[in-house]
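This briefing describes a structural model and is arranged by topic. Please read it with the sequence and the structure in view.

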Number of protein chains: 2
Amino acid sequence: MRIGELAERAGVSARALRYYEQQGLISARRAANGYREYDESDVRLVAEIRSLLAVGFTLEDARPFVDCLRAGHEAGASCPESVAVSLRKLAEIDAEIRALIRHRAEVTAQLTYTCPGCDLFPAEGNDGPRPAGTPRRQAATGRLAGGVTPPPPDDQAGS
Amino acid sequence: MRIGELAERAGVSARALRYYEQQGLISARRAANGYREYDESDVRLVAEIRSLLAVGFTLEDARPFVDCLRAGHEAGASCPESVAVSLRKLAEIDAEIRALIRHRAEVTAQLTYTCPGCDLFPAEGNDGPRPAGTPRRQAATGRLAGGVTPPPPDDQAGS
DNA sequence: CTACCCCCTGACACCGGCGTCAAGGTCAAG
DNA sequence: CTTGACCTTGACGCCGGTGTCAGGGGGTAG
């Protein structure tokens, strides 16, 4: 198939596909007229790239996953290089979450003085009604909301 | 004082100060030779900007805070525009945290298959020993780590 | 032959907060 | 007078993943 079809089937732009090729993530044989020609397996490769980008990986991070798939493995994440990248990304994500939690704490602390009663539960009362069907969770007493295995706060931001 | 001194006292570069001025956040009167001249209050303004940048605000976000200070208020966050921005940023931070938690969940789910036993507790075993004095929290059974008023997961990321 | 759709390469634009270099003026100390 | 630290404006670079435009070729349907 040509680039337009692959783009449509993978849900990306042709521009993105050319960029991935330029970055060495995918490759294409060329027809006599210079057009790129792809096969079914490329759909899978692009899907892998997109799903990784969706969770915050860069194209560079995605490289070992793609290589893994091209090496014949059924899952891009099954190679040791992929695992190493995943672990690194996990640490990065955790660090980011911790930083954001610190930021949040600083903002809420500020708001405690300037707008008492504003930050009882997250994101509310400042931009109209909820989008749609957001059931407004319990919020309980306003503290200790358990998460789905979130990283530990470990906050130490002294201001 | 001139730009070099303000830069040193505020802990920023002269380039940054010129940029803030270009963005209309701070202003300086000019000496006869064209040099920028600042006074003590500017140290405070720049400090406010820096502390806001440090929690993820953009310069645009910082504008009402600076205006508030320049209007004579003792705290940059005490004006209604500042409060509005803080609430918006809080919502943005919450959204980012939720997104990151979803990303984290996807990565750990992946690792569950490709590296069983790797993600029992966050950020460990992939880059040497802990930095220093990080006591490695309990981790308990591996779930439900309470946070310091973190936003609700509300995750709905179906893959 | 003309339309028209698809493809090609190359390259600038974007976003934010600066770093950094260029080319030159100012002023006090030696 | 010279040196050298400090200042000025202007402008490009960076990072990542594209969007988009420019300018031109390929192939098929009418």
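A polar contact is a pair of N or O atoms within 3.5 Å; within protein, one atom must be able to donate a hydrogen and the other to accept it. The model discussed here is predicted.

**A polar contact between the chains**

- Asp94(B) is located in helix 5 of chain B, which covers residues 80-114.
- The side chain of Asp94(B) forms a polar contact with the side chain of Arg104(A), at 2.7 Å.
- Buried means under 20% relative accessible area, and Asp94(B) counts as buried because its relative accessibility is 0%.

**Surroundings of DNA strand C**

- DNA strand C is surrounded by 20 residues, of which Gly4(A), Arg36(A), Ser13(B), Tyr20(B) and Tyr35(B) are the closest.
- Among the atoms of DNA strand C within 4 Å of the protein, sugar or phosphate provides 68%, and bases provide the rest.
- The side chain of Ser13(B) places an N or O atom 2.5 Å from a phosphate oxygen of DNA strand C.
- For Tyr20(B), the distance from a side-chain N or O atom to a phosphate oxygen of DNA strand C is 2.7 Å.
- Classified by residue type, the surface near DNA strand C comprises eight nonpolar, five polar and seven charged residues.

- Of the atoms of DNA strand D that come within 4 Å of the protein, 67% belong to sugar and phosphate.
- An N or O atom in the side chain of Tyr20(A) is 2.6 Å from a phosphate oxygen of DNA strand D.
- Gly4(B) approaches a phosphate oxygen of DNA strand D through a backbone N or O atom, at 2.7 Å.
- In the side chain of Arg18(B), an N or O atom lies 3.0 Å from a phosphate oxygen of DNA strand D.
- The surface near DNA strand D contains eight nonpolar, five polar and seven charged residues.

**Chain A as a whole**

- Chain A contains five helices and two strands, and from the N terminus on its elements follow the order α-α-β-β-α-α-α.
- Of the 159 residues in chain A, 40% are buried.
- Among contacts in chain A with a separation of 6 or more, 50% join residues 24 or more positions apart.
- The accessible surface of chain A is about 8900 Å², and carbon and sulfur atoms account for 51% of it.

**Helix 4 of chain A**

- Helix 4 of chain A (residues 59-70) has 12 residues and extends 16 Å from its first C-alpha to its last, close to the 16 Å expected at 1.5 Å a residue.
- Its buried residues are Leu59(A), Asp61(A), Ala62(A), Pro64(A), Phe65(A), Val66(A), Cys68(A) and Leu69(A).
- The cover over these buried residues includes helix 2, helix 3 and helix 5 (80-114) of chain A.
- Gly72(A) follows helix 4 of chain A and has a positive phi, near 105°.

**Helix 3 of chain B**

- The end C-alpha atoms of helix 3 of chain B are 22 Å apart, which agrees with the 21 Å that its 15 residues should span at 1.5 Å a residue.
- Asp42(B), Val43(B), Leu45(B), Val46(B), Glu48(B), Ile49(B) and Leu52(B) are buried in this helix.
- Helix 1, helix 2 and helix 4 (59-70) of chain B are among the elements that cover the buried residues of helix 3 of chain B.
- Just after helix 3 of chain B, Gly56(B) adopts a positive phi of about 95°.

Technical notes
Residues are numbered from 1 along each chain as its sequence is written. Chains are lettered from A and ligands numbered from 1 in the order in which they are written. This is a predicted model: local features need pLDDT of at least 70, side-chain atom pairs count only at pLDDT 80 or more; totals for chains, interfaces and linings use all residues. Side-chain values use heavy atoms; hydrogens and water are left out. A residue is near a molecule or strand if one of its heavy atoms lies within 4 Å of it. Ala, Val, Leu, Ile, Met, Phe, Trp, Tyr, Cys and Pro count as nonpolar, Asp, Glu, Lys and Arg as charged, and the others, Gly among them, as polar. Helices (H or I, at least four residues) and strands (E, at least two) are DSSP runs, numbered from the N terminus. Buried means under 20% relative accessible area, exposed over 50%, partly exposed in between (1.4 Å probe, protein chains only). Contact means heavy atoms within 4.5 Å. Accessible areas come from the Shrake-Rupley method with a 1.4 Å probe; for residues, only the protein chains shown count as cover. The expected span of a helix is 1.5 Å times one less than its number of residues.
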